[in-house]
Amino acid sequence: MGNKNHHAHHFESAAAEFEASKQGLWVFLVNEVLFFAGLFVAYAIYRILNPDLMHEAHKYLNWKLGATNTVVLICSSLTMALGVTAAQKGQQKKSANLILVTILLACVFLVIKYFEYMHKIHEGLLPGGLFSYHEPIHPKAPQFFSVYFVLTGLHGIHVIGGIVVLAWIYMRTLRGEFTDKYFTPVECTGLYWHFVDLVWIYLFPLLYLAS
Amino acid sequence: MSHDNHHSGGSHEEHKHHILPESMGIKIWLILLFFTFITVWIAQFDFGAWNFIIAMAVATFKATLVCMFFMGLKYDSKENVVIFCTSFLFVTFFMILTFADVLIRSDSIPKGEAFFKTASGPAKFKKPWNSTPEIVAHGKALFDAQCVTCHGSAGQGNGPASAGLNPKPRNFTATDGWKNGRKPSVIVGTLTKGLNSMPAFATLPAEDRWALAHYVTQFGPSIDKDSPADLTKAGVDTSKDVIGEVVSKSVPVDFVIERMSEDNR
């Protein structure tokens with residue numbers, strides 16, 4: 001990786017290096033879309049085969065917490081976008097603060113998710129054989145919670161990964177490594193973070209509001 | 001864009017990087033919040049299948065805004081747009097092929113679910129080893145639904161499917177050929193374990209098997225009764241009201257084939 005205004009020797013220019021890095025990130029996001037697609041297809045087939053269950057199971061999820069988390073992630077997407085804008089303009093202090101707010105919002109998301117998970121674990125609304133709810137819901141309800149935990153769990157891992165990368169970008173911004181000429185890592189991290197928001201935009205209505 | 005720059009040989013300093021204006025970012029943010037509210041608000045109404053379609057349309061609209069403005073795809077190179085959109089093309093292939101596979105296989109249609117429900121319902125008859133008009137009527141309903149294909153509606157073993165079977169299905173009106181007697185407990189045993197071309201119906205609740213046994217013995221010229229010893233041998237505790245038997249959760253292959261051939265008729 002080049003730093004400041006210098007680009008690696010195998011690139012013709014800093015601009016070419018930037019474009020290559022960004023294209024690499026888009027290819028990575030294609031991979032991510034297909035990674036999540038496996039679970040979304042599993043969800044869709046599960047829904048087709050158990051139409052009556054979808055009506056029942058979502059009642060056991062708290063849509064208010066899901067909606068709050070949707071708002072939290074949309075706000076974090078805004079602070080990320082504004083952070084990238086500030087970085088591109090060379091406003092490093094502002095960029096660092098906005099990235100910090102993004103990290104804090106990501107943590108708020110995880111805290112809400114933690115309370116949701118704890119409630120499910122307490123009630124016995126768990127995947128497959130671990131399911132031990134006090135009253136019968138539907139013979140396939142344990143499968144719904146398998147789908148729920150794997151989908152939201154994989155998304156949660158992406159949020160945690162995002163926090164780690166954002167923290168690294170925050171430190172580098174504080175160290176003054178980025179300028180209005182070189183901000184590739186900030187922009188690429190932004191793309192990844194918006195993707196995490198994209199997945200949740202679909203997960204929220206599919207899991208919490210499905211009827 | 002990088003390619004254009006390479007080939008034109010022009011100065012890269014000309015290359016203007018698009019910067020999302022702050023006011024634009026805030027506008028997109030407000031639209032996203034508004035549509036999140038719409039998604040939640042509209043979910044309280046029941047439009048049937050439209051609820052799902054509306055929710056997905058709104059989500060896709062929101063996702064498009066995030067892609068175009070926050071991720072800057074609107075101002076990005078054509079290559080990156082094509083690369084990212086290709087992923088959705090492959091997701092579509094993935095969905096179509098998987099759905100086609102799942103939905104054309106009849107064993108994955110929820111029909112089977114209804115069957116399992118009947119197999120694990122609460123007890124309908126007390127002491128089902130005793131023949132009563134009620135349990136015989138229940139047995140007739142089960143027989144007409146599941147057994148007539150081979151045994152025939154009059155129980156003479158001449159149902160439409162009997163032509164291909166060797167040995168022939170049991171003729172319940174005949175008294176000969178019953179090695180173990182024509183008692184209900186014996187017939188329940190055959191229903192549970194199967195015999196020659198007769199598949200095992202162990203997934204039926206025990207009381208349904210008893211109901212069938214009581215019904216088919218009525219076809220014949222005489223009705224043989226179970227002695228207390230016969231009942232004990234069949235695993236029945238006559239001091240109780242129900243049969244304390246765990247219903248098998250697995251379905252025998254023959255039974256599934258028969259169900260499928262029945263469903264397809």
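## Chain A at a glance

Among contacts in chain A between residues at least 6 apart in sequence, what percentage join residues at least 24 apart? The figure is 73%. Please keep in mind throughout that this is a predicted model.

Of the 211 residues in chain A, 41% are buried.

## How α5 and α6 of chain A pack

Let us start with one helix pair. Helix α5 of chain A covers residues 141-174 and helix α6 of chain A covers residues 184-208. Their axes lie 10 Å apart, and the packing angle is about 160°. Angles over 145 degrees count as roughly antiparallel, and α5(A) and α6(A) are therefore roughly antiparallel to each other. The crossing in which α5(A) passes α6(A) is left-handed.

Which residues of α5(A) and α6(A) meet? From α5(A) come A:Y148, A:L151, A:T152, A:H155, A:H158, A:V159, A:G162, A:V165, A:L166, A:I169 and A:R172. Facing them in α6(A) are A:P185, A:V186, A:T189, A:Y192, A:W193, A:V196, A:V199, A:W200, A:L203 and A:L207. By residue class, this contact of α5(A) with α6(A) divides into 15 nonpolar, 5 polar and 1 charged.

## Where chain A touches chain B

Next comes the interface. Here 40 residues of chain A are in contact with 41 residues of chain B. On the chain A side, at least two residues each are supplied by α1 (14-49), α3 (63-88) and α6. The largest share is that of α1(A), with 17 residues. The side of chain A that touches chain B divides into 26 nonpolar, 9 polar and 5 charged residues.

## Two nonpolar cores

In soluble globular proteins, nonpolar side chains tend to be buried together. In this model, the largest nonpolar core has 70 residues. Those with the most contacts inside this core are A:A81, A:I99, A:V199, A:W200, A:L203 and A:L207. Both chains take part: two or more residues each come from α1, α2 (51-57), α3, α4 (92-123), α5 and α6 of chain A, and from α2 (22-42) and α3 (49-70) of chain B. The most is given by α6(A), with 16 residues.

A:L207 is worth a look on screen. Setting aside neighbours within four places in sequence, A:L207 is in contact with A:H58, A:L61, A:Y148 and A:L151.

## Two loop residues in chain B

Most residues other than glycine have a negative phi. B:K127 is not a glycine, yet B:K127 has a positive phi of about 45°. You will find B:K127 in the loop between α5 (111-119) and α6 (133-146) of chain B. Is B:K127 buried or partly exposed? B:K127 has 17 C-beta neighbours inside 10 Å and so counts as partly exposed.

Another loop of chain B, between α8 (184-193) and α9 (206-217), contains B:L204. B:L204 has 22 other C-beta atoms within 10 Å; a residue is buried if there are 20 or more, so B:L204 is buried. B:L204 and B:T192 are 12 residues apart in sequence, and their C-alpha atoms are 8.5 Å apart in space.

Definitions and conventions: Residues numbered from 1 in each chain as written. Chains lettered and ligands numbered in written order. Predicted model: local features only at pLDDT ≥ 70, side-chain atom pairs only at ≥ 80, totals over all residues. Buried ≥ 20, exposed ≤ 12 C-beta atoms within 10 Å, placed from the backbone. Contact = placed C-beta atoms within 7 Å. Axes fitted to C-alpha atoms, helices over the stretch in contact; angles between N-to-C directions. Helix = DSSP H or I, 4+ residues; strand = E, 2+ residues; numbered from the N terminus. Parallel < 35°, antiparallel > 145°, perpendicular 65-115°, else oblique. Left-handed = near helix turned anticlockwise from the far one by under 90°. Nonpolar A, V, L, I, M, F, W, Y, C, P; charged D, E, K, R; others polar. Core = buried A, V, L, I, M, F, W, Y, C linked by C-beta atoms within 7 Å.
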